[in-house]
Amino acid sequence: MSGFLEGRVAIVTGAGAGLGRSHALALAAAGAKVVVNDLSSTGDARSGEAIAAEINGQGGEAFYFGANVTDANAVDEMVLTALKKWGRIDILVNNAGILRDKSFAKLTADDFRLVMEVHVMGAFNCSKAVWTAMREQNYGRIIMTSSASGIYGNFGQANYAAAKMALVGLMNTLHIEGEKYNIRVNALAPTAYTQMLAGLVDENTAQMLTAESVSAGVVFLASEEAPSKTILGAGGGCFAVSHIYETPGVYLHADERTPAEIARRFGEISAPITEGALENAFSQIKKFSHLAKNSA
Ligand SMILES: NC(=O)c1ccc[n+]([C@@H]2O[C@H](COP(=O)([O-])OP(=O)(O)OC[C@H]3O[C@@H](n4cnc5c(N)ncnc54)[C@H](O)[C@@H]3O)[C@@H](O)[C@H]2O)c1
């Protein structure tokens with residue numbers, strides 16, 4: 001196998017099925033050595049092993065490592081095993097995930113905590129475990145798996161949406177802290193007909209939404225040419241980027257800073273005419289002080 005990611009080492013979490021499986025195969029097809037991770041305590045272990053065997057059978061290099069991403073010690077052991085075997089970790093795809101969908105009225109704290117634990121703490125544990133190696137080798141590509149559910153909202157997914165948007169926050173700051181070490185951090189917002197979407201879309205849509213149609217986007221985000229701090233939407237062969245924008249804003253004089261005045265001028269405050277992306281939290285402070293000085 002040769003290609004885009006020749007000599008790179010990748011870890012894909014939750015790669016025993018669905019999107020993770022497809023990402024692992026695509027990364028290997030592009031030349032990366034791949035750690036195929038999934039839960040070891042379920043039948044998924046067998047499919048993780050089968051995927052690693054498939055990659056090895058095609059002339060690639062892969063091994064299966066069963067670890068629950070919520071278990072920081074197991075994750076550390078996985079990363080150490082990869083480092084001992086291959087000497088580096090270039091790519092981490094935080095893909096492992098679960099659903100516990102319920103309307104907010106029925107959602108329990110346990111449903112909320114579990115979903116946060118797998119998506120957010122799982123991505124934290126894995127990113128933390130590879131961070132030192134990536135800094136030391138001055139190269140890294142981390143991909144968070146977000147979701148349109150978090151970016152835009154979705155009925156019955158308060159826990160999942162909160163977790164998926166938390167990953168955008170994690171991406172934003174890891175992007176800033178990783179920049180000088182050539183670590184680029186991005187998020188994927190995929191749509192694919194996997195066991196996660198079973199029964200939720202019609203057959204035509206299901207046929208279009210293959211996991212394979214998403215994975216080229218992951219290979220791109222895992223490559224030297226990757227952008228950073230980008231949310232890449234991907235599904236059915238379509239690719240798009242979600243931006244977080246802020247309106248120019250309005251300065252209110254001290255005596256105008258009342259809820260009534262904000263309500264009165266809310267159209268102006270929220271008008272998206274010349275909105276633009278902000279680079280980081282300080283850009284907002286800079287923008288506000290500029291606006292205040294020019295309006296005072
Ligand atoms: N399918 C979609 O349309 C869609 C949309 C948006 C986001 N996503 C996200 O994409 C990712 C993959 O989803 P999918 O549709 O392939 O789901 P999937 O259920 O087919 O696969 C998820 C895999 O993660 C594994 N996993 C779950 N918990 C784990 C843990 N604690 N540790 C290690 N592995 C674990 C599962 O065993 C499974 O093999 C998830 O993060 C999901 O939230 C999927």
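## Residue classes and the basis of the model

Ala, Val, Leu, Ile, Met, Phe, Trp, Tyr, Cys and Pro are counted as nonpolar, Asp, Glu, Lys and Arg as charged, and the others, Gly among them, as polar. On that scheme, the shell around the ligand is made up of 13 nonpolar, 13 polar and 3 charged residues.

The model is predicted, so that local features need pLDDT of at least 70 and side-chain atom pairs count only at pLDDT 80 or more, while totals for chains, interfaces and linings use all residues. Residues are numbered from 1 along each chain as its sequence is written, and side-chain values use heavy atoms, with hydrogens and water left out.

## Around the ligand

The ligand is surrounded by 29 residues, the closest being Asp38, Asn68, Asn95, Tyr160 and Thr194 (a residue is near if one of its heavy atoms lies within 4 Å of the molecule). Polar side-chain atoms lie 2.6 Å from a ligand oxygen atom in the case of Asp38, 2.4 Å in the case of Thr194 and 2.8 Å in the case of Gln195. Taken alone, the ligand exposes 830 Å², of which the protein buries 95% (areas by the Shrake-Rupley method with a 1.4 Å probe).

## The largest cavity

A cavity is a set of points, on a 1 Å grid over the protein atoms alone, where a 1.4 Å probe fits but cannot get out, and its lining residues have an atom within 4 Å of a point. About 70 Å³ of space lies in the largest cavity, whose lining includes Thr13, His119 and Lys164. This lining divides into 5 nonpolar, 6 polar and 1 charged residues.

Key. Polar contact = N/O pair within 3.5 Å; in protein donor to acceptor, adjacent residues only side chain to side chain. 1 Å grid on protein atoms, 1.4 Å probe; cavity = no way out; pocket = protein on both sides within 12 Å on 5 of 7 lines; lining within 4 Å. Points joined across faces, edges and corners; volume = space filled by probe spheres on them.
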